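Reader: I am new to reading protein models. Could you take me through one, feature by feature?

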Amino acid sequence: MRRPLLVLAILILVLLTACATEEGGGIDVIDVSGPLDASALKFMKSSIEKAAGNGQELAVLQINSRAALDEVALGELIRIVEDPPLPVAIWVGPAPAMALGGVSQLVGASEQNAIAPGSQYGPEAVPAEETGLDLQPSIRQYLQDLDGETFQTSTGPVEVETLQPFEEGFTLKVLTFRQPGIGTRFFRLAVNPEAAFFFLVIGLAIVSFEFFAIGPGLAAGVAAVSLLLAGWGIVTLPVRWWAVGLAVAGWALLTAAYQKGGVIALTILGAVLLQIGGMWYVDGSGQIDPRWFLVLPSVLSVLFFFLLAMPTVQRARFSTQTIGRDALIGEHGVAVVGLDPDGIVEVQGARWRATAHREAMVATGVPVVVTGVDGLFLEVDRIPPGREY
């Protein structure tokens, strides 16, 4: 009984090996957009090597990028494009696409390159029609025109055949579009300056939201993911640290304004610092500088959290049947943030904004009792000496 199964397994292995051997001869289109960080550049390099290993006819880099962020990885990719293991071409598209800064060096390193009309190229962002590059409106048209072209490779000149016959004429060989994996694409969400800034300020805002309004929960996970992506952006992009500091200071002022009951002056100053920090967040050398109109939505989102979302959650809490205004009066708690006169207290396992008489000067960790409710604030006082807490 075992021998037939062994023979069947060997036959399946032989068939799979034969299929794997017959693979190849097609065209790999390696599609990467956005600023090219180290992970993207290494993906493009490894994809070229895999295409050669799989016996593909041609590898095409499809690019739309404002900048290359890693000079070492860019240099390695340029070297393999200049002396490739298989024919390699580059197409900047689809329109409107860009190949600026170091990305234009990569495009120029290939003996076969083209650009979609309406795109931009080079350090000066020259219109495609003025670059002298071959104008190709689509990747398929470009591939058709490459049929019969001779490429120089590391093993010598190779004439590529991008077309294959079928009953009614010719068609392109099998196209395989390759993009970075899900993990790489997830972290690459933060390689755009405006996106990196968004993840930072939204993550910080949700931290405040959790602290003041609802306690640890789903939003805490969102904050953690946002700050993780923000950290990736900070270590990948050429950030200005003073601008990061301004953004954090803006968040701190908005948090303080909310803690004190919505001080308008602090709120406005905090929003202004966020906007300035976002506009100067990255030193993009004219290529990936943050654009103010894409930073503004992030600032408005943070203001929404502090001015609308957090008060709404607290109003909902006060209106519940189990925790109403009357139920809180007389309850004991503890000062989480010192009250001078405003701060944060914890009552019945939940955190609330609170206020005390100025002369009370309630320090962090001091037991308090709720004496009243004033809007969104609990009125508290020290627990009289000698009373059990």
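Author: Start with burial: a residue is buried under 20% relative accessible area, exposed over 50%, and partly exposed in between (1.4 Å probe, protein chains only). Phe187 is partly exposed, as its relative accessible area is 27%. The model is predicted, so local features need pLDDT of at least 70 and side-chain atom pairs count only at pLDDT 80 or more, while totals for chains, interfaces and linings use all residues. Residues are numbered from 1 along each chain as its sequence is written, and side-chain values use heavy atoms, with hydrogens and water left out.

Reader: What percentage of the residues of the protein count as buried?

Author: Of the 389 residues, 45% count as buried. The accessible surface (Shrake-Rupley method with a 1.4 Å probe; for residues, only the protein chains shown count as cover) comes to about 19200 Å² for the protein, and 60% of that belongs to carbon and sulfur atoms.

Reader: How many helices and strands does the protein have?

Author: Helices (H or I, at least four residues) and strands (E, at least two) are DSSP runs, numbered from the N terminus. The protein has 12 helices and 18 strands.

Reader: Why is helix α4 described as largely enclosed?

Author: In helix α4 (residues 102-109), 6 of the 8 residues are buried, so the rest of the structure largely encloses this helix. The buried residues are Gly102, Val103, Ser104, Leu106, Val107 and Ala109.

Reader: Which residues have the most contacts inside the largest nonpolar core?

Author: The general idea first: in soluble globular proteins, nonpolar side chains tend to be buried together. A nonpolar core is a set of buried Ala, Val, Leu, Ile, Met, Phe, Trp, Tyr and Cys residues joined through side-chain atoms within 4.5 Å. The largest one here has 39 residues, and Tyr281 and Val302 have the most contacts inside it. Two or more residues of this core come from each of α7 (193-214), α8 (218-236), α9 (241-259), α10 and α11. Helix α7 gives the most, with 12 residues. Apart from this core lies another, of 32 residues, including Ile78, Val92, Ala97 and Leu106.

Reader: Which residues does Val302 touch, not counting those up to four places away in sequence?

Author: A contact means heavy atoms within 4.5 Å. On that basis Val302 touches Val201, Ile202, Ala205, Leu254 and Leu274. For the protein, take the contacts with a separation of 6 or more: residues 24 or more positions apart account for 63% of them.

Reader: Is Ser298 buried or exposed?

Author: Ser298, in helix α11, is buried, with a relative accessible area of 3%. Leaving aside neighbours within four places in sequence, Ser298 is in contact with Glu194, Phe197, Phe198 and Val201.

Reader: How many aromatic pairs does a search of the whole structure find?

Author: Rings of Phe, Tyr and Trp (its six-membered ring) pair if their centres lie within 6.5 Å; planes under 30 degrees apart count as stacked, over 60 as edge-to-face and the rest as tilted. The search finds 8 pairs. In one of them, the ring centres of Phe187 and Trp232 are 5.0 Å apart and the planes are at 45 degrees, so this pair is tilted. Phe187 is in helix α6 (residues 182-187) and Trp232 in helix α8, so the pair links distant parts of the chain, 45 residues apart. Trp232 is partly exposed, with a relative accessible area of 30%. Phe186, Phe187 and Trp232 form one aromatic cluster.

Reader: What are the centre distance and plane angle for the rings of Trp242 and Trp280?

Author: Their centres are 6.4 Å apart and their planes at 40 degrees, so this pair is tilted as well. Trp242 lies in helix α9 and Trp280 in the loop between α10 and α11, so the pair ties together parts 38 residues apart in sequence. Trp242 is partly exposed at 48% relative accessibility, and Trp280 is partly exposed at 42%.

Reader: Which elements each supply at least two residues of the nonpolar patch?

Author: Patches are made of residues with over 30% relative accessible area and no salt bridge: like charges are joined within 9 Å, nonpolar side chains (Val, Leu, Ile, Met, Phe, Trp, Tyr) within 5 Å. A salt bridge is a side-chain nitrogen of Lys or Arg within 4 Å of a carboxyl oxygen of Asp or Glu. The elements are α10 (264-279) and α11 (292-318). The patch has about 1200 Å² of accessible area together, and Trp242, Val272 and Trp280 are among its residues. Val272 is in helix α10 and is partly exposed, with a relative accessible area of 40%.
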